[in-house]
Every structure is written in C-alpha cells, then in structure tokens.
Amino acid sequence: MSGRLPRRTFLGLAGGAGVLLTAGLVAPRLLRADAPGTGELLRSRIPLPEPFQVPLPIPRVLSPQRTADADHHTITQRAATAEILPGVRTPIWGYDGTFPGPTIESRRDRTTIVHHRNELPVPTVVHLHGGHTPADSDGYPTDLVLPVTGWSGGHGHDMADARARVTRGSRDYVFPLRQRAATLWYHDHRMDFTGPAVYRGLAGFHLVRDDEEDALGLPAGDRELPLLIADRAFDEHGAFAYPALDPSLRSVPGVEPEYVEGVFGDVILVNGAPWPVHEVTATRHRLRLLNGSNARRYDLALDPPPPGGAGLVQIGSDQGLLDAPRAHDHLPIAPAERYDVIVDFGRYPVGARVTLVNRLGTGSTALVMRFIVTRSAREDSRIPPQLSEIAPLHRSQAGTIRDFSFTAGQVHGRTGWVVGGEPFAPDRMSARPRLGDVEIWRFVADVHHPVHLHLVGFQILSRGSGPPGPFDGGLKDTVDLSPGEAVEVITRFEGYRGRYVFHCHNAEHEDMAMMANFEVI
C-alpha cells in the first residue's frame, strides 16, 4: 500500500486547513513542517528571570514497599505552592505536591502497584504513558477518581459512559510492566480536562529498567539525567496562566477561542525550573528527554556543537533502546515523545558552557538549559555499537490496514478537533483488533498532530511516500505528524484485551475531542 495520500483525503485535509486559516484560528506559519507546533503564544505578565540562574532540580525517586510479587507506592495528588520563578510562589497541582511528581523506578516483569489518593478539588485519572497496561489500569478518560471530599459535580462532563470505573478518593493502578526498559511518564488523563491539569503540574517520570540495559555500561548515577521539558506562562501574581473557559476545571471544558489550536508558553521549564543550569564533569552523560508541553514542539541542539559535530547520540526512543546508536546534530521532539541520548561532555574543554537550544524557538523560547563543564573525571561508561534487538514487523504480516484522519471539525456546535470526522464519544468504537493480530494504521493530518496509541508500541513504516525519517527508529508510542502528512505505523496488539484510546497529544486538541476508541477482542 502506498504512503501517498489519496486525492480525496488530501483535498479534505487541505480544505480543513483552509477553514482554519480563513477563520483566523491557525496562522499560516504554523502550517509549516518546521513550525513549533500548532498553538498560540500566551505571554507572561510578570518579570521573568535571566536564563541559567536556577540550578537544575532532579525529581526525587520513590522508595517502594516490596512484597513477594510487587513493588508498592502511594502518591497523593494535592494542591501546593512551588518556587518556580525565583522569589515567587506559584500554586500547583502536584503528585505528592511537587512538579514534576516523584520519579518511579521499576524492573521489567515486576509488577508495580501505585495507590493514588485524590485530595484535589476535581476528579482525576492517571495514565502511565507508554505502559503496556491492562485496560482497567490504563487510565481510560472516564475512569475517574473522585476527590476524597467535597465533590458533588458528577463526573465533570456531560457524556455518560456505562463502562466507566469510578471510585471515590483513591485507586490502585496495577502495572505488570511486561515490557522493555524505557522512559515512561505518568500524567493526568481526565476526559476534557487533561490540558489544564497537566499544565498545573500533574506529570512525572516512570523509568523501567532491565538486565539487558544494565549490562551495556551506559552512563548512570549522577550522569543520568531525566529532563522533563515544558513551556508555561505566568500571570501577574506568578500563577500559571492558562486560558481555560472554566478555571475551576469543574464542568465547562475547553479554552478561549484564540487558543483552540493549542497553548504555547513563553517560559521554558526543565524539571520545573526556568532555563536551569547544571554542572557536569567532562564525561558522557545520559539525558532522558521528555517533551511534557501541551502543544509546543522543540528541535533540540547543542550550542556550541562539539568538535566534529553530531553531539546527540540517540540510544533510545519512546519504548526503549534502539538496535544501534544514531548520531544527530539536532533532535526534533513533539509533545509526549521521549528520546534517550548520550552527550559526551569530554569533547568540550573544562570551563565550557554548553547550551541546549531550541531551533524552533525565538526569544525566550529558543533557550532550554545550560551545562557547565566543571572538571575532568574518569570515564566509566561506554556506548556499545549494538544496543538491543528489535524484531521488525513487515507489511506482509498485517492482516488489516486502517486509515484515520486528524482534522479540525465541529464538536457540539463549536470548532474542535476530530478523528475520522467524529468527535470522541466513549460508546463509539473505531477499531476492534484481535489479540495477537498485526495491523497497519495510517494517520493523516491537517496541521501538526502528535498521535499517541495506548497499550502498544509501534514501528514507523513510512512518511508520505517515502521511508521513515532519521528520528523514527526503534519502538514508538507517539508519532509527530506535520501538516498534510501521512504516516503509517505497524503494531501487534498483544498482552491484554479491553477498551483503549488513541488521540492527538496536543492536549488542547485532545480535550476538544481529538480522541477515539479501540477495543482489543
């Protein structure tokens, strides 16, 4: 099957983009492949600090309670304040009251059970993004955890779901983790309100480790850095500025009309700190990169580049190790994507100041963070030429090919975002793959859409009429689509039966109905 868009599909997408342009909802520059995504900039109304003044924070790692068959954690979702901008207290919603939340570390094939208690004023849902998870713990958008006290607003949305699993106060999420070592993350996934909840702080790392990865000799300890990159804007009091129609997040979903394409902030945070700085030795460091932004895409690069260039050596993607390292001089990353890279700071002289920049940004959004090479040290890591084995899936193995368009559309009488021309509804099933079947899914887009598939990882077969791109290697669970682009992915639906979703991970698009169901039968 060709990756070229059918004429009818292409014209439909072009028409959708034209409607958005005519309505003034999407600026023409955002339809370019090198745009920072689809969104509108929200400017802060408080003086912002100079870059590279705040030390990089590293989220604390939870210590589990171990039983014979599982590791157990307890996390409380609660309101708190944090000093994000120096000298300013910002109200947040956080897992254990921090942003990012605490990091969970697990071992492959060992079950992790996380007891989440909801002390926030609204319902929540927890999704382990990238997790190979049974349906009842995957964080289906209507499987709500209602607040411990004080909630009388029903489910907080107007769509009844007879299959919803709703609990009061707390819930155990069970993650068997029958999957490869990988950088996963957990975040809120409540129907219609994911964007503002994550924007307020409900996100954190979940790292899966295994013997295969441990044996490689990769940088570890303080030379392994999880980096959650996210943009935010601040109001005049230092609170996160977000254009929600209902700032209480209780009943009315969505954002103000000018932000329907997505919300961009003007402050780049890394692990909750604005443009931080981190001291490193002149050795290799492993950077676990996560784009935790609602809508912003980045194209990351080192400034200055190391002698000889190609300073970002990619060793992993969303779902774990690549088969072999890939060297890049830059790395585009869309919302929810993860890349595991090694930077050899030994290629720089002691005293060097190395800035991680965003080639898609301008002004304050062109800078991400800075590393200062402070001293020489013994190199105790390596980058093996062979990292892992990934069994390729071939087109001939697929028994079914499905097509899904991601476009602007009408949602309950107003402009929103739809999959296959239909807004999300819990009772509408878009696909029913059989357990164990291999399928090809083709996604086509009108504007930028990072598409995320729950339950399974996939391999990218094609982009447009050509092969996968240079950053498409390994196993993915989120794929970045440019305007007018078609991408084919192939996957085997294995592990668990049940109802799952796939959706755009531009959080504003997701909240405005760009999501669909599939059920593994």
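**Strand pairing, aromatic rings and a pocket**

Strand S17 (residues 277-281) runs parallel to strand S25 (residues 367-375), and the two pair over five bridges. Strands here, at least two residues long (E), and helices, at least four (H or I), are DSSP runs numbered from the N terminus. Two strands are said to pair if DSSP finds at least two bridges between them. Within this pairing, Val 280 has Val 373 in S25 as its bridge partner.

Before I continue, a word on the source: this is a predicted model, in which local features need pLDDT of at least 70 and side-chain atom pairs count only at pLDDT 80 or more, while totals for chains, interfaces and linings use all residues. Residues are numbered from 1 along each chain as its sequence is written, and side-chain values use heavy atoms, with hydrogens and water left out.

S25 also pairs with strand S24 (residues 353-358), in the antiparallel sense and again over five bridges. There, Thr 355 stands opposite Arg 370 in S25.

How many of the eight residues of strand S6 (residues 111-118) are buried? Six of them are, so the strand is largely enclosed by the rest of the structure. Buried means under 20% relative accessible area, exposed means over 50%, and partly exposed lies in between, using a 1.4 Å probe and protein chains only. S6 pairs with strand S3 (residues 70-83) in the parallel sense over eight bridges, and His 73 has Val 114 in S6 as its bridge partner. S6 also pairs with strand S10 (residues 170-175), here in the antiparallel sense over six bridges. In that pairing, Ile 113 is partnered by Val 174 in S10.

Now to the aromatic rings. A pair of aromatic rings is described by the distance of the centres and the angle of the planes. Rings of Phe, Tyr and Trp (its six-membered ring) pair if their centres lie within 6.5 Å; planes under 30 degrees apart count as stacked, over 60 as edge-to-face, and the rest as tilted. A search of the whole structure finds 21 aromatic pairs. Phe 99 lies in the loop between strand S4 (89-95) and strand S5 (104-107), and Phe 240 in the loop between strand S13 (224-232) and strand S14 (263-264), so the pair ties together parts that are 141 residues apart in sequence. Both Phe 99 and Phe 240 are buried.

The rings of Phe 404 and Phe 443 have centres 6.4 Å apart and planes at 40°, so this pair is tilted. Phe 404 belongs to strand S26 (residues 400-411) and Phe 443 to strand S29 (residues 438-445), so the pair, 39 residues apart, links distant parts of the chain. Phe 404 and Phe 443 are both buried. They also belong to one aromatic cluster, whose members include Trp 441, Tyr 500 and Phe 518.

Two arginines sit over rings. A charge counts as over a ring if NZ of Lys or CZ of Arg is within 6 Å of the ring centre and within 35 degrees of the ring normal. Arg 171 lies over the face of Tyr 173, at 5.6 Å from the ring centre. Arg 232 has its charged end over the ring of Tyr 199, 4.6 Å from the centre.

Some backbone details deserve mention. Most residues other than glycine have a negative phi, and most peptide bonds are trans. The bond from Phe 99 to Pro 100, however, is cis, with omega near -5°, and Pro 100 lies in the loop between S4 and S5. Asp 303 and Pro 304 are likewise joined by a cis peptide bond, with omega about 0°. Ala 336 has a positive phi, near 80°, and is buried, with a relative accessible area of 0%. A pocket is an open set of points, on a 1 Å grid over the protein atoms alone, where a 1.4 Å probe fits, with protein on both sides within 12 Å along at least five of seven lines; lining residues have an atom within 4 Å of a point. Of the 20 residues lining the largest pocket, those closest to its centre are Arg 180, Gly 457, Leu 475, Arg 492 and Glu 494. Strand S33 (residues 486-492) gives the most to this lining, with three residues.
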